[in-house]
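The sequence and the model come first.

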Amino acid sequence: MKHPLRHWLSSFALLLLLASGVRAESPIALSPIAPFKAEYDLYYDDDKVGESSLQLSTLANDEWQFETRSQASLYLMSFSDHEQSRFVWQNDRPRPLAFSKERKRPGKTERVQQKFDWQTQTDSGTRGKKSWSTALLGDTHDLQSHLLALQLDLRAGKRDVQYAVSKHGRVRVYHYKVSKEETI
């Protein structure tokens, strides 16, 4: 039985491994990853239940945006997720500026807004009615930007990596380790 989230994550992992970088005389040259958009159909068993997309795009002032969207309907219930990270490239690494998330489930909606102020070394945000303001560590990521860092590290051949990720006002360490390789 295929699980929609597991299918999406598998597709996303494959995309991370396949995306390539760009080096040229253009604003895109500031990025170790080329802009892209990928769209997916989500299935549960053999039935299409929704759609998902990933997009990395350029913005003004050398800023970038990494965005994921998904929506699915299953057993007369609707689910949707939208996450967006705005960041700049610094030393070929994503440095987050803002993160937002909206997750809708039957009877519940969760919203997160987060800002990274690197001049004052402050991470502040809201999740529903709760808010936070904490000190930033030197290499902190948001939930989206750490996936771009993971892509770069996998492409560089690293097999065991860790990222400090700010989530709801607390920094958590996300640890990834390559345990098996398969040829597709």
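The protein chain exposes about 11200 Å², of which carbon and sulfur atoms supply 50%. The model is a predicted one, and of the 184 residues of its protein chain 41% count as buried. The protein chain holds two helices and 11 strands, and from the N terminus on these elements follow the order α-β-β-β-β-β-β-β-β-β-α-β-β. Among the contacts in the protein chain with a separation of 6 or more, 39% are accounted for by residues 24 or more positions apart.

In soluble globular proteins, nonpolar side chains tend to be buried together. In this model the largest nonpolar core has 13 residues, and those that touch the most other members are I33, F36, L56, F66, F87, W89 and L148. Two or more residues are given to this core by each of the elements β1 (36-44), β2 (47-58), β3 (63-74), β4 (77-90) and α2 (145-155). Apart from this core lies another, made up of 10 residues that include V112, L143, A149 and V165.

Which residues does L148 contact, once its neighbours within four places in sequence are left aside? The contacts of L148 are then with I33, L56, F66, F87, W89 and P94. Of these partners, I33, L56, F66, F87 and W89 are, like L148 itself, listed among the core members that touch the most others.

Aromatic side chains form a further theme. A pair of aromatic rings is described by the distance of the centres and the angle of the planes. The count of aromatic pairs comes to six, and one of the pairs, F116 with W118, is stacked, with 6.3 Å from centre to centre and 10 degrees between the planes. This pair counts as stacked because its planes are under 30 degrees apart. Both partners lie under the 20% limit and are therefore buried, F116 having a relative accessible area of 5% and W118 one of 14%. The ring of W118 also has the charged end of R95 sitting over it, 3.9 Å from the ring centre. W64, F87 and W89 form one aromatic cluster, in which F87 and W89 are also members of the largest nonpolar core.

S53 has its place in strand β2, and because its relative accessibility is 16%, S53 counts as buried. When residues up to four places away in sequence are not counted, S53 touches A38, E39, E67, T68 and R69.

The backbone remains to be considered. Most residues other than glycine have a negative phi, and most peptide bonds are trans. N61 has a positive phi of about 60 degrees although it is not a glycine, and N91 likewise has a positive phi, of about 55 degrees, without being a glycine.

| Residue | Phi | Place | Relative accessible area |

Key:
Residues are numbered from 1 along each chain as its sequence is written. This is a predicted model: local features need pLDDT of at least 70, side-chain atom pairs count only at pLDDT 80 or more; totals for chains, interfaces and linings use all residues. Side-chain values use heavy atoms; hydrogens and water are left out. A nonpolar core is a set of buried Ala, Val, Leu, Ile, Met, Phe, Trp, Tyr and Cys residues joined through side-chain atoms within 4.5 Å. Buried means under 20% relative accessible area, exposed over 50%, partly exposed in between (1.4 Å probe, protein chains only). Helices (H or I, at least four residues) and strands (E, at least two) are DSSP runs, numbered from the N terminus. Contact means heavy atoms within 4.5 Å. Rings of Phe, Tyr and Trp (its six-membered ring) pair if their centres lie within 6.5 Å; planes under 30 degrees apart count as stacked, over 60 as edge-to-face and the rest as tilted. A charge sits over a ring if NZ of Lys or CZ of Arg is within 6 Å of the ring centre and within 35 degrees of the ring normal. Accessible areas come from the Shrake-Rupley method with a 1.4 Å probe; for residues, only the protein chains shown count as cover.
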